[in-house]
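This briefing concerns aromatic side chains and their surroundings. Please consult the sequence and the 3D structure below.

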Amino acid sequence: MMTVTKRAAQALLIAVLGLCVWTGATYAQDAPAAVDAPVAVDAPAALEAPAAPAAPAKIDRTDPVAVVKAYTKACEEFDAATFIDLVTGDEALVAALRRQTEQMARGVAEMRGQRGFLDVFAEYSFLPMGGKAPSVVEKQGGDEGEMVVTATEAEPRKKTFVLKKMPDGTWKVDLEQSILRTTGAEKSILVSSIRQDPRAGRGDDRNEPWRRRQRLQQLASKLLNYIQQRDRMVPGAEGWMDELEDYALDPALFDDLADEKGVVGVALNAQVAGTELPNDWQVRRSTVLLYECAGAERNAYGNPNEELADRAEGSGPLMVAFADGQVRSIPLGMSIEDASREERLQQVCARNVQRICRALRDYARDHEGMLPPADQWCGVVEEYVDPEQLKPEIFQCPSRPDLEYGYAINKALAGQDVRDFPDHEKHILILPAIAGIRNEAREVPKECMEGFHHGMQGMDMDAKPFVHVGTLAGNSSNVIEGRPYFRP
């Protein structure tokens, strides 16, 4: 019996919804291809059941349309070898695709003669999964107790394939760009899922940041368990890794990983080595336990601030594991203490934004859904915020002390009925101020031009600055510098 993990099933389903499985396509080339330019080929698709794999056919790889036909045929038949041979992208993505598609093909081979995969997809199509294909709804018949109604897609789905020319003159499908061109999205969920899948293997992707993060997270977790069993005593600097390996009984945790600069090891913070770890979780949140270091020295230890200072320009943030078990990335140019202090400021800003938004929502409940006018919103906040939480600092962004008022209301929502804006989580109500004046109102810009918060980041390996915004739902969210503000 084949076992499919939850993540693998999600990735597989995303693939079905994307470019790789809709079949029975016809093809039309948009325009003649320039010699070195990518080619886009549109393909409206209908859904058919996959047939058994046919004998390999010769592919004219100098013809973009022939390549797309062979590519879609490989997807129909779950022909992993041909699919990989016709796809292009960065090395890590292609390596991860190879592993996952080969695994999928083996699973489909096991299922042949059993229930068809597209039968399962047909079941998923009954769920609210999004999509804009209009349907023709027709009543087919029935009786007083049961009625049959069909919903048929009125328009075929169309996919756009982007092909890139290889040095040998042949063409290959750029999977990521094809998905983006087809969906109009800025980021591919499928490609991100494939790149981040922790079950993708340990081959060509050993240099990926998420693998290093996972390794550091696991080591920190084992070390914290070990410390707890030793009455909260941290091992001594000399031989700490040997002690931990004897406890963990998993040599793979102590493998060296590599990035583009070379081997990446893990070091123990010498300042905590041999000491008792405090029970206070606020202290643990700012206490570094482990950090990445250059080289593969076993039982390495040292000062994480010195590691930060020694890192070369452009080498990226430093991954550290804190004594609360969390892994964060510290940007270059910051000390651990600076980053911890900045994170506390970020938390204050996020709380300010949440309290302001919830006060405005409470006002709307008392006024038939209406938000206050733009020239009165600060007074409303002062009236509706819990007196114990109401301080002048509630209007100040702690990372922008030069502004007396650090927040502005969305001009498009001020004075409006919140019921006219469904899906409140997608509507920005409060955003960073520009003028810094009381009752400031402004339009939501297209993108975040400047982030004011710096410091430790979680899964975002770039550790880019960002801003806090508040939504109609009363929650705070982040918008990273250089990226668009979200909209409904």
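Rings of Phe, Tyr and Trp (its six-membered ring) pair if their centres lie within 6.5 Å; planes under 30 degrees apart count as stacked, over 60 as edge-to-face and the rest as tilted. The model is predicted, so local features need pLDDT of at least 70 and side-chain atom pairs count only at pLDDT 80 or more, while totals for chains, interfaces and linings use all residues. Residues are numbered from 1 along each chain as its sequence is written, and side-chain values use heavy atoms, with hydrogens and water left out.

**Aromatic pairs**
- The structure holds 6 aromatic pairs.
- One of them is the tilted pair of Tyr 71 and Phe 83, with 5.4 Å centre to centre and 45 degrees between the planes.
- Because Tyr 71 lies in helix H2 (residues 64-76) and Phe 83 in helix H3 (residues 80-86), this pair ties together parts 12 residues apart in sequence; helices are DSSP runs (H or I, at least four residues), numbered from the N terminus.
- Tyr 363 and Tyr 384 form an edge-to-face pair, at 5.8 Å centre to centre and 80 degrees between the planes.
- Tyr 363 belongs to helix H12 (residues 336-366) and Tyr 384 to helix H13 (residues 377-384), so the pair links parts 21 residues apart in sequence.

**Aromatic cluster**
- Tyr 71, Phe 83 and Phe 161 form one aromatic cluster.

**Burial**
- Buried means under 20% relative accessible area, exposed over 50%, and partly exposed in between (1.4 Å probe, protein chains only).
- Tyr 71 is buried at 0% relative accessibility, and Phe 83 is buried at 5%.
- Tyr 363 is buried at 13% relative accessibility, whereas Tyr 384 is partly exposed at 21%.

Terms used:
Helix = DSSP H or I, 4+ residues; strand = E, 2+ residues; numbered from the N terminus.
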